[in-house]
Amino acid sequence: MWSVEQNTIIQSQYPIIQVIAGAGSGKTATMIGLLERREILNQILAEETLIVTFTKKATNEFKERCLKKGLSNQYHISTFHSFCYSSLKKWNQTKNWSEYKLLSESKKWEITKQLLNDYKNKIGGVPFPIVLANRGTYLRSLSEEVYEKYINSFQIWKKENHYFEFDDLISDFLNFLESEESIPMKKKWRSLIIDEFQDTDETQLEIIKRMKFEWITVVGDDWQAIYGFRGATPKPFLEFPIHFPDAKQYKLSTNYRSTKTIIKKSLFPIGHNKIKIPKETFSFRNQNGTFQLLKFKEKEMSLSSLWKTLQSIDPNIILLTRSNFRKQEWIQVGVPINQVLTIHSAKGLEFKTVLVDISQGWSRNLHSIDIEEERRILYVALSRAKDNLVVLINAVSDPKSLCDQFSEDFSLWNKIRNRTLRWTRLW
């Protein structure tokens, strides 16, 4: 049932484990196997085990898998923010958290518009999510003073109106851990399993360290760290052995999802990155799969015509885009809403046939982006495909555009790897 790599992790007796798991490597199944083994040994009680996931969807999936395996229902399985919120409500007496509510995105931008109204001419038409992304990098470039004034006013407004954001939960919980009233809560949790650890930020890492768990298992893939805009960075995952010197590292290197061909293509962009944990990826499947590189001449063919052609490849093909704007362009030409996703929303999912659109929607300001993260985003997109992968690139390149740099890379790489381009179509 289990591979040698999976079984080694499941049988491990090391208290602190770092699992470096590639795309499609069965990491969730391995974690379920680990819990099953622990229950047999009666080594760590379920009610003393905290399981942290990155999204609500992942939380529900983990709970369903535990249920199917007949495991205990006493595990606390939740997102990091949900755990912090429930803990603060139960253990922290300095604030009545029941009176506070989560601030919605729409409400936040409404208040932000009011607070920054005097500076609207300086900001121009740049959307607020971009103005305040990455800890206000754009706004701070305009005026550090305006940024500080906005942050102070916004925090005061939230406090007076009993609102909180996810980041508030993390910072408040970190402060709570310094108090004596946190001691009973710390004693309750002996074991931690945290999924998608590559998406953890430095503050969350500090929380894990201060909780002083006896048993820690972190699972992740630094190649899939794509949430820099939320303040997450692969650094905690890359430096985990520094923070926990006794940690034992394991790797899950077998890909059960994709064919050999697709694995080779998906590894191409990540190969350019310098900051990463090196690892090999092996295909479990014997099939080769199919790969097509489509060159799109926008002035000669419309998206609607291209969509009809794509349906002939597979009527259930899934389109992945870099931006929501590009996603909407596809929807407007008739692509069903359930067949086009942004790459970020597709993370953790898999599909039989995938088209990755790198022709539009990628950054044009190459000086303001993390190019290694952009390659990781592309890697995530390519590795969603199980059997068939299609990559849409521009036939005419603009060197100022990131997507066209990727297009040139793909074209050059395929000329080297494939002396004849029999499968390449020109639109």
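A residue is called buried when its relative accessible area is under 20%, exposed when over 50%, and partly exposed in between, with a 1.4 Å probe and protein chains only. The structure is a predicted model, in which local features need pLDDT of at least 70 and side-chain atom pairs count only at pLDDT 80 or more, while totals for chains, interfaces and linings use all residues. Residues are numbered from 1 along each chain as its sequence is written, and side-chain values use heavy atoms, with hydrogens and water left out.

Asp222 has a relative accessibility of 3% and therefore counts as buried. Asp222 sits in the loop that joins strand S7 (215-220) to helix H13 (235-238); helices (H or I, at least four residues) and strands (E, at least two) are DSSP runs numbered from the N terminus. A polar atom of the Asp222 side chain is 2.9 Å from the backbone nitrogen of Ile277. When neighbours within four places in sequence are left aside, Asp222 is in contact (heavy atoms within 4.5 Å) with Gln198, Pro234, Phe237, Leu238, Lys276, Ile277, Lys279 and Arg376.

Pro336 is found in a loop between helix H17 (324-332) and strand S13 (340-342). Its relative accessibility is 31%, so Pro336 counts as partly exposed. Pro336 and Ser86 are 250 residues apart along the chain, and their C-alpha atoms are separated by 38 Å.

Two helix pairs were examined. Axes are lines fitted to C-alpha atoms, for helices over the stretch in contact, and angles run from 0 to 180 degrees between N-to-C directions. Angles under 35 degrees count as roughly parallel, over 145 as roughly antiparallel, 65 to 115 as roughly perpendicular and the rest as oblique.

The axes of helices H2 (residues 27-41) and H3 (residues 56-68) come within 11 Å and cross at roughly 50 degrees, and H2 and H3 are therefore oblique to each other. In this pair, Thr28, Ala29, Met31, Ile32 and Leu35 of H2 meet Phe62, Arg65 and Cys66 of H3. By class, this contact of H2 with H3 has six nonpolar residues, one polar and one charged; Ala, Val, Leu, Ile, Met, Phe, Trp, Tyr, Cys and Pro count as nonpolar, Asp, Glu, Lys and Arg as charged, and the others, Gly among them, as polar.

For helices H15 (residues 260-270) and H19 (residues 371-382), the axes come within 8 Å and cross at roughly 170 degrees, which makes H15 roughly antiparallel to H19. Ile262, Lys265, Ser266, Leu267, Pro269 and Ile270 of H15 make the contact with Arg375, Arg376, Leu378, Tyr379 and Leu382 of H19.

How values were computed: A polar contact is a pair of N or O atoms within 3.5 Å; within protein, one must be able to donate a hydrogen and the other to accept it, and residues adjacent in sequence count only if both atoms are side-chain atoms.
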